[in-house]
Amino acid sequence: MYAVRKFDLSLLEEGEEYVTDITVVTASLFPLECGTDEISIAKISKLLENGKDSEGWVRKGRLRLGTKSLIFEPNAITHPLLKFKFSLISVLNECEKSDIYKQFSSTNCICLSLSHVTSIPMGICNGKTRCISPYKLHKIKNPLNNFTFFIFFTNQQARSNLLVNLKNAQNGSFVNKLLNKTRFNKMSIENLENVELGLVDTIWAWRVKNMVRQRGMVAIGDKCIYFEPCPNFSNVSCKKIYLRDIIYVFKRQCSLEPSGLEIISLDEEGKKDYRCLFLEFTLPHQRDAIVHHMKAIIPQVFRAQESNEFLKVMQGYWINGRISNFHYLDFLNCIGGRSRHDLSQYPVFPWILSDYTSAQLDLSDASSFRDLSKPIGALNDQRLKALIVRMQEFKIDNLGNMSVACHDKVDYDCEGCLKRLWECGYYLYGSHYSSLALVVHLLIRLMPESQLRLYEGNFDSWNRCFHSIGDTYSSIINDHNCFYELIPDMFQGNEDFLLNNLNIETSQGRLDNVILPPWANGNAKTFLNLHRKALECDFVSFNLAKWIDLIFGFKQSGYRAVKSHNVFHPFTYLNNIRDRYGGGSFEGNIKTINYTKALKALIEIMDPHAVKVQAKEFGQAPLQLFTEPHPERQRFPQFNPNEVLQYKPWFLYINSNLDKFPELVSFISSSAEHVEKIEPHVSIADPTKLIKCRNYNDFKCMNININTPQVTSLTHKNDDYIFTHTDGSITHVNYITNSPKNCFITSHSIACACNVSDRSGVVALGTSGGTIIFISIPRLLQVEGDGDDLPTPHQNFDSGLHSISISTSHDSITSLIHLSDHLAIGCLDESIYLLSLKGLKVSSNFDGLDGPAESIASYDNLLVAACGNKFNAKQNGFQSICLWDTRGRPSYLWKYSNSVVTEKYHGKLNVGISPNYFAALDGSGSFTYWDLRMLSTTNYFKSDICNHYVGNYFTSPIAHFNGVSCPENSDCILFVTADSLTTTNLSRFNFSGANCEILVSIPPVNVSEAISHQSQAISLADSLVSVDLDNGILYSFY
């Protein structure tokens, strides 16, 4: 099988740096032991002279030199790499100084003799070599022997260079000579670019990727930022990023130093979603110099992390359901110091489910979920009690030592007691919820090299490997040393980390695919889809703010963390505390940082390097972003699993949908030149150039002649129309047969009606007595006779046979609308009630309107209602509009109030809502609409209100402004305007183009009502039903 040999820097030791490499030939009897005697040398010499390699003892390849070891990489990919640690080399001979080596025809060789050799087997994955098996350590059995290797070079100069570099690497002088003598290669600079930093004074940094650090030089000009690896063993001499392609830059803490910089840019070649350059600078002040230069050219790329307003806007987006739970958590991790390119500070996501055993996952059952208000360690009460008892027996003394204390029981109501516990280093959990070991544990199938690097060439023990989702959850719930949360990969679309596609072998056997919960049906893709669906479901959305308080918020540290049982080892708060107090160099300002007493005592007695290593490997809490309780989510939009961008990082989702997030354009517009700022605008349609206009002759008119009191509302089922009247009766008319039937329903006036089900023919009626009456049209039509035997106002209507009555309010019902399995009911008491059609019980009560709801509209769990014509002391009209999420809190998301002059106000205030807009229209011709995508925080739209006067579209004044409807999944609104002297028009306003078109014009009538439900509005292009409330004239347009 053909494959490309690719050297991986993770094969180096921790803290080891790459020096150089060279082409060589090795000759050895390895893995056989031999000495340096003449017999052994003669045997190897004979092999070389014959040129035979039948036993694989003579191999061609590259010798790679690090600062702690030599690695021989054979050309044949079936042969393992051989690693020789400097500390284990007993003989390093230049061959020519000894007579026994004269048997060789060439003196361009060196001899290595050592007691231990590490062989590193390689596998082939996607055409490249990968390290997917544990290293094998070979030890000599006979202490008189060694493993001996003869390394031949192409010429004497190559050998001499290697020996010089080897000597420098062994004595530690290599790095100093590199830093002092090497300069950035000017040939890598873009033509005509003015480079201000990195050419005169070399700026050194490491490029960080997963667990690998590669040293190099950084330079920056007015066009690009450059990273030149040094030494460089790749085919690319310099990595270059155009400043125009950078979309975000984040300053990072690396090993407790403010020296990191993460640069996110678009991929100009289009091969990847994005590119990331994570740099750790040798000197923190050089990072600051690079940042200062970048801010002078592209300041907007830093605002996501540095601007509090950016955080507030993103928080508002999440609260109002405009970004997903996943993207909000991803954003908080990002500005909280976490990065996908630094495994020691990887993003942290919550365990959300508790059901990993059922055949079906029920997301409507609260017991399927983990309690997000508690940290992992507090989910098991028995374990928590045991941990509390154990930690009450210890404290950290002034020297940083743990000693027996025999504390009394912790008083969780005493704030001062909790503060003292925090100061003395009290903690419950001996391991952190996010650490380097955890990340490589979960991603072993995706990046096995990282775990091999962490455990010095071995995988973790078989019992501790990641085998099963259910077993892992059981461990974090029950074990006394396991408290970790999850990683974002658990909610994204790449299932490779759950499958052993790399064919990884451990010392105890082949690693299988991860065992999934039964409800995943053995399919990793199904698991990820359901797991993501669970993350975005209503239960998690409603409770996620409590988990944010624990990880990023006010319960993360301090006495509130103690009270919430959310306390970890003091070392896990080092980054957080240093960021809060603006710490510079870790070793230079220990005394200036406001550490707790216990943490300061630990730092002062430990070696600084040891502190950094422990902080890196043990885990660090994210930066604290909130000091007050995080607001709860108020809108819970439905997750769309088919949208690819939903699985991408937050910054890609935002930058790919800037039209949905206009508030952020001002933050990042300069770095995304292709995005234009969206501003509201008004354009008036020319009636002579309408796209579509129908004449009255194309339609039919039918006079019904209803001889009853005034008609109050109209609804229909297919060709059956129901009129409601002020005397409590209804009239049924079939458009085909034109045979009206009148039936008395109640002694109260019927104010409104809506169709509940086209299939069953159930219609809901709202009365002035505060009752909802459900009538069955099919049953009603089965009543025989000419109407003499129908119920009269003096009779009790047969409830249950033709109708069901339910009292919902003590006040009159003013408006009614059908929402899936609920009714939204507007009442005279200025409230909106949500009536469940399953149990016929009021499930919610929404308030905030300043008057009775005259009209209600809904789309995708958003509910908008309006009231008007409420007069104040000055006899001015007062309009009020409120917006709610039916699955959230009863308080409104947004409210609008407006005073109107009484003389100009006619008719009720109508509202309509579409996927991205909602609008209010009144009888004076005032048409106001808002963009839902611009709702950033509660009670606040960041865009200007767009006012339109419908009268501008027509040639005569408007006498009536009537029914409003929004076609489903369409950003337009349909409405009826009428003038008794001229014409009645069915018009359509398109939000996207802010233009209006007349669809239908009919002869002069006094039209005062139109059907305005979404299900009926879909077919309005083909039919519209309206009624003259004075004359009982029914119009049907086909």
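Predicted model: local features only at pLDDT ≥ 70, side-chain atom pairs only at ≥ 80, totals over all residues.
Biologist: Why are C414 and C417 said to form a disulfide?

Modeller: A pair of cysteine sulfur atoms counts as a disulfide when the two lie within 2.5 Å. The sulfur atoms of C414 and C417 are 2.5 Å apart, and the count by this rule comes to one disulfide. The link of C414 and C417 is right-handed, with 70° about the S-S bond.

Biologist: Why is C414 called partly exposed, and why is C827 called buried?

Modeller: Buried means under 20% relative accessible area, exposed means over 50%, and partly exposed lies in between. C414 has 23% relative accessibility and therefore counts as partly exposed; C417, at 23%, also counts as partly exposed. C827 has 0% and therefore counts as buried, and C465, at 8%, counts as buried too.

Biologist: Which residues are closest to the centre of the largest cavity?

Modeller: The largest cavity holds about 100 Å³ of space. Of its 13 lining residues, E262, C334, S339, R340 and F651 are the closest to the centre.

Biologist: How do you know which element supplies the largest share of that lining?

Modeller: Both β18 (257-265) and α7 (325-335) supply at least two lining residues. The largest share, three residues, comes from α7. By class, the lining has five nonpolar, three polar and five charged residues.

Note on methods
Residues numbered from 1 in each chain as written. Heavy atoms only, no water. 1 Å grid on protein atoms, 1.4 Å probe; cavity = no way out; pocket = protein on both sides within 12 Å on 5 of 7 lines; lining within 4 Å. Points joined across faces, edges and corners; volume = space filled by probe spheres on them. Helix = DSSP H or I, 4+ residues; strand = E, 2+ residues; numbered from the N terminus. Nonpolar A, V, L, I, M, F, W, Y, C, P; charged D, E, K, R; others polar. Buried < 20%, exposed > 50% of the residue type's maximum accessible area, 1.4 Å probe, protein only.
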